[in-house]
Amino acid sequence: MTPTTVKSVIDAVVKVLNGKKFKLKNKKTRILSASNPENLMEITGLWLNRGHPRVRRADRAEIRSELYRCEQQFKISRTDPAYHCEHNSLSGRVAKLSYLQHIEAKEYRERLRKILPHYDVINITKTLKLVSVIERTSELDRGKLSFVERYHQIIYRINIISRSNPSLARTLKSRMHICKPTSTREILTYGE
């Protein structure tokens, strides 16, 4: 591509972005092509040169080492809040590998399933209290976005409880079913 063609392409992209109230970061602006293999086309951490998006080798190695650290942390404390955060973060990164159909994604997902975080007695008690509070919410308030978000956060907590205490989780889910939201997050956010 000639320099004038490059400038015209960038100007067209800037115009589209400005129309959508976005700005182009000049320091991140590069022109790359698949025909130039020494300059890898990389967008949001994915290589695009090789036919379909791929995760960089260094990122895959980092995911592997994080998984090992998670497995070691699980042996120490599966109820630690820091462990919950680390497991959730790693689960998202493995989901990205799955989406890109990476060969090791299934193995990593199976290893993550074996080391799911659990709640301690304090968090189980907190969840019980949250269920009791949300049950008392009026029918009118069940159509609000804040209620819908709180409802789904509590369901998430109940799903974690189900790993160690399935019978309690079933009871809590049946209690939550009675006070379901009257609207969805999408309708309340986008009005669809």
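Me: Angles under 35 degrees count as roughly parallel, over 145 as roughly antiparallel, 65 to 115 as roughly perpendicular and the rest as oblique. What makes helix 5 and helix 7 roughly parallel to each other, then?

Reply: Quick caveat before that: this is a predicted model, where local features need pLDDT of at least 70, side-chain atom pairs count only at pLDDT 80 or more, and totals for chains, interfaces and linings use all residues. Residues are numbered from 1 along each chain, and side-chain values use heavy atoms, without hydrogens and water. Now the pair: helix 5 (residues 121-135) and helix 7 (residues 166-178) have axes (lines fitted to C-alpha atoms over the stretch in contact, with angles from 0 to 180 degrees between N-to-C directions) that cross at roughly 20°. That is under the cut-off, so helix 5 and helix 7 are roughly parallel.

Me: How do you know that helix 5 and helix 7 actually make contact?

Reply: Contact means heavy atoms within 4.5 Å. On the helix 5 side, Ile-124, Thr-127, Leu-128, Val-131, Ser-132, Ile-134 and Glu-135 take part, and they meet Leu-168, Leu-172, Arg-175 and Met-176 of helix 7. The two axes come within 10 Å.

Me: What makes helix 3 roughly antiparallel to helix 4?

Reply: Helix 3 (residues 81-99) packs on helix 4 at about 155°, and their axes are 9 Å apart. That angle is over the antiparallel cut-off, so helix 3 is roughly antiparallel to helix 4. Here His-87, Leu-90, Ser-91, Val-94, Ala-95, Leu-97 and Ser-98 of helix 3 meet Ala-105, Tyr-108, Arg-109 and Leu-112 of helix 4.

Me: How do you know how many helices and strands to count in the protein chain?

Reply: Helices (H or I, at least four residues) and strands (E, at least two) are DSSP runs, numbered from the N terminus. By that count the protein chain has 8 helices and 3 strands. Their order is α-β-β-β-α-α-α-α-α-α-α.

Me: What span is expected for helix 1, and what does helix 1 reach?

Reply: The expected span is 1.5 Å times one less than the number of residues. Helix 1 (residues 3-19) has 17 residues and reaches 24 Å from its first C-alpha to its last, close to the 24 Å expected. Just after helix 1, Lys-21 has a positive phi of about 65°.

Me: How does the protein chain's radius of gyration sit against that of a compact globule?

Reply: The radius is taken over C-alpha atoms, and the globule rule is 2.2 Å times the number of residues to the power 0.38. For 192 residues, a compact globule would come out near 16 Å, but the protein chain has 23 Å. The C-alpha trace spans about 65 × 45 × 25 Å along its principal axes.
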